[in-house]
Amino acid sequence: MSPNVTDFKQLVQRFYVLQAERVEAYRLFEEGHEAYLRTGPHYDFEHYKQLVHEITQAFSGISKEVLEIKERLHQDFDRPDLSEHIEKLQIKEKQKLELTAKLQLAKQNAQDHPEDEGCQERIQEIRQDIIKNKEALSEILQDFKYDSEECE
């Protein structure tokens, strides 16, 4: 049985659900880090380490399924254009995670060394990079949305 339009729409819908889960995971990661910073100067590292572990597992599961969708779009639906958008998205998501981790470290450094003005500058630089990254992600998602809807 060959895949049909309904299968295609369900696959695209699942992709959007996974992206929403990713956004939620970031929110929890941010909140968890804010809570962790409040435990300073004697940080509750064990609790934070557990959070990082859970978030990493969540991102890993999401990525795995997104890559399966990418593969299906390419193989089953002959949509290399859409799988290419997902490929670009995955690269940007990886960068976003790296930038988020960098920002969290920079925030802790700033908290531990309030006298170091360079810390605030680093935070601002990383925030700018995150904004650029989010804009790029948004653009890729728009392209994906446009291209996935054009065949309807």
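**How the helices pack**

- Two packed helices are described by the angle between their axes and by the distance between those axes.
- Helix α1, which covers residues 5-38, packs with helix α2, which covers residues 45-75, at an angle of about 165 degrees, and the axes of the two are 10 Å apart.
- The helices α1 and α2 are therefore roughly antiparallel to each other, and α1 passes α2 in a left-handed crossing.
- Sorted by class, the residues in the contact of α1 with α2 are 19 nonpolar, 3 polar and 5 charged.
- Helix α3 and helix α4, the latter made of residues 117-149, pack at an angle of about 160 degrees with their axes 9 Å apart.
- It follows from this angle that α3 and α4 are therefore roughly antiparallel to each other, and their crossing is left-handed.
- In the contact of α3 with α4, the residues divide into 16 nonpolar, 7 polar and 12 charged.

**Helix α1 on its own**

- At 1.5 Å a residue, the 34 residues of α1 should span 50 Å, and this agrees with the model, because the end C-alpha atoms of the helix are 50 Å apart.
- At the start of α1, a side-chain oxygen of N4 reaches to within 3.1 Å of the backbone nitrogen of T6.

**Loops and backbone details**

- Most peptide bonds are trans, and most residues other than glycine have a negative phi.
- The bond that joins G40 and P41 is a cis peptide bond, with an omega of about 5 degrees, and P41 lies in the loop between α1 and α2.
- The residue D78 has a phi near 50 degrees, which is a positive value in a residue other than glycine, and D78 is found in the loop between α2 and α3, where α3 covers residues 80-112.

**A region taken from a record**

- An unreviewed UniProt entry places the feature "coiled-coil region" at residues 82-109.
- Over residues 82-109 of the predicted model, the chain is 100% helix and 0% strand, and the end C-alpha atoms of this stretch are 40 Å apart.

Notes: Residues numbered from 1 in each chain as written. Predicted model: local features only at pLDDT ≥ 70, side-chain atom pairs only at ≥ 80, totals over all residues. Heavy atoms only, no water. Axes fitted to C-alpha atoms, helices over the stretch in contact; angles between N-to-C directions. Helix = DSSP H or I, 4+ residues; strand = E, 2+ residues; numbered from the N terminus. Parallel < 35°, antiparallel > 145°, perpendicular 65-115°, else oblique. Left-handed = near helix turned anticlockwise from the far one by under 90°. Nonpolar A, V, L, I, M, F, W, Y, C, P; charged D, E, K, R; others polar. Expected span 1.5 Å × (residues − 1). Polar contact = N/O pair within 3.5 Å; in protein donor to acceptor, adjacent residues only side chain to side chain. UniProt positions renumbered as here; feature names shortened; annotations may be inferred.
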